[in-house]
Amino acid sequence: MSGVENRKKGILYILLSAFAFAIMAVFVREAGDLPSAQKALFRNLVSFAFAALILLRSGTALRGPHHWLPLSLRATFGTIGVIANFYAIDHLPLGDANSLNKLSPFFAVLASAVILKEKIKAYQLISLIIAFGGAALILKPEIGGTALGLAHLLAVLGALTAGLAYTYVRKLGLLGESGAFIVFFFSAFSIVVLLPFALANYVSMSSRQLVFLLLAGLAASFGQLGITQAYRYAAARSISIYNYAQIPFAAILGLIFFAELPDLTGLFGYLLIIASAVFMYFYERKVYEQ
C-alpha cells in the first residue's frame, strides 16, 4: 500500500477514534459521581473483552511471536497516562485538565522524532502549535496566577506518557503487531494495575450507572482500536493534529445532550483547529502528489 493511502487511512482512523472518545466522555459524564479508578477500570474491562473477542475470532494473534518490550512500554506509559489524567480531572478545573492533556500530540510528535527517527517538518510543527492555541481558547485554562501543584504536574505527566504510548503503538505497528493485540495487552495490564485502587474505594452503582459505564467502555474500545490503527498506518507528525478533532466533536455532543453553547472565544478556537488541520491536509496532499 502506498504512503498516500496509508496516510489517508491513518487520518480516517484517528478521526473515528476522536469521535468515539467524545462519545465516551458523554457516557462517563452520564454515569455520575463515581471514583475515577472505578470508571477507568470498567472502561478497560470492556476494552479487554472487546479486543479478546476480536482475537479469538481471528485465532492467530494470541499465538505470536510478540514484541514484549515495546508492548510492555506501551502498556506502562498508557496506564500511567490514564491514572494521571483521571487524577487531574478529579483535582483540577476541567478546562485546566483537558488543556494540559492536549499536549499529548506534541509529545507524540517529539517522541516519534527521538524513538522512531521520524523527521518533523516546520509546517507540521506550526500546524500543531496553531491547533493547541485553538484548544487553549476553547478550554480557557486558568493556571495563570496560581501555583503549580501536584495535579498540574500529573496532568502534564499524563500528556507526556500518552504521547509516548502512541509512539510505541506506531513502533508496534511497524513491527507487525495487530491493533487488537496491542489493545488487548494494554487493557489486561491496566486492569491489573487499576483493580486494587478501584476495590479500595468502590462505590455501589445503580443499574443506570452500570449501563452508562459499559457504554463508555464500548466507545473507548472503538477509540483505542481507532487510534491504534491510525498510528500503525501513519507517522505521528502527519496525523497527530487530527486528534484535536475530539474537541469540536465533544462540543457538538455537549450541545445536543447537555445544551452547552460555546462562547465567541470558543468558536474562534474551533476555527483555528479546523483551519490548521485543513491546511496540513491539503499541504501534505500537494507534497505527496508531487
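With which residue does Arg170 form a salt bridge? The partner is Glu118, and the closest N and O atoms of the pair are 3.2 Å apart. A salt bridge is here a side-chain nitrogen of Lys or Arg within 4 Å of a carboxyl oxygen of Asp or Glu. Arg170 lies in helix α7 (residues 150-175) and Glu118 in the loop between α5 (104-115) and α6 (122-139), so the pair ties together parts that are 52 residues apart in sequence. Arg170 is buried, at 11% relative accessibility, and Glu118 is likewise buried, with a relative accessible area of 10%. Buried denotes under 20% relative accessible area, exposed over 50%, and partly exposed in between (1.4 Å probe, protein chains only).

The model is predicted: local features need pLDDT of at least 70 and side-chain atom pairs count only at pLDDT 80 or more, whereas totals for chains, interfaces and linings use all residues. Residues are numbered from 1 along each chain as its sequence is written, and side-chain values use heavy atoms, with hydrogens and water left out.

The secondary structure of the protein chain consists of 12 helices and zero strands. These elements are DSSP runs numbered from the N terminus (helices, H or I, at least four residues; strands, E, at least two). Of the 290 residues in the protein chain, 50% are buried.

Two salt bridges are present in the structure. Besides the pair described above, the side chains of Glu30 and Arg208 meet in a salt bridge at 3.1 Å, N to O. This pair links distant parts of the chain, as Glu30 belongs to helix α1 (residues 3-30) and Arg208 to helix α9 (residues 207-233), 178 residues apart. Glu30 is partly exposed, with a relative accessible area of 22%, and Arg208 also counts as partly exposed, at 48%. Side chains of opposite charge can pair when their charged atoms come close.

The loop between α5 and α6 also contains Lys117. The phi angle of Lys117 is near 60°, a positive value in a residue other than glycine. Lys117 is exposed, with a relative accessible area of 65%. In helix α6, by contrast, Leu128 is buried at 2% relative accessibility. Leu128 and Pro105 are 23 residues apart in sequence and 7.7 Å apart in space, C-alpha to C-alpha.

The second largest pocket has a volume of about 220 Å³. Of the 14 residues that line this pocket, Leu15, Tyr242, Ala245, Ile274 and Ala277 are the closest to its centre. On a 1 Å grid over the protein atoms alone, a pocket is an open set of points where a 1.4 Å probe fits, with protein on both sides within 12 Å along at least five of seven lines; lining residues have an atom within 4 Å of a point. Helices α1, α11 and α12 (264-289) each supply at least two residues of the lining, and α12 gives the most, with six residues. The lining comprises 14 nonpolar residues, no polar and no charged ones.

A nonpolar surface patch of about 550 Å² is made by Ile252, Leu255, Ile256, Phe257 and Leu261. Such patches are made of residues with over 30% relative accessible area and no salt bridge, nonpolar side chains (Val, Leu, Ile, Met, Phe, Trp, Tyr) being joined within 5 Å. Areas come from the Shrake-Rupley method with a 1.4 Å probe.

Methods
Patches are made of residues with over 30% relative accessible area and no salt bridge: like charges are joined within 9 Å, nonpolar side chains (Val, Leu, Ile, Met, Phe, Trp, Tyr) within 5 Å. Grid points are joined across faces, edges and corners, and a volume is the space filled by probe spheres set on the points. Ala, Val, Leu, Ile, Met, Phe, Trp, Tyr, Cys and Pro count as nonpolar, Asp, Glu, Lys and Arg as charged, and the others, Gly among them, as polar.
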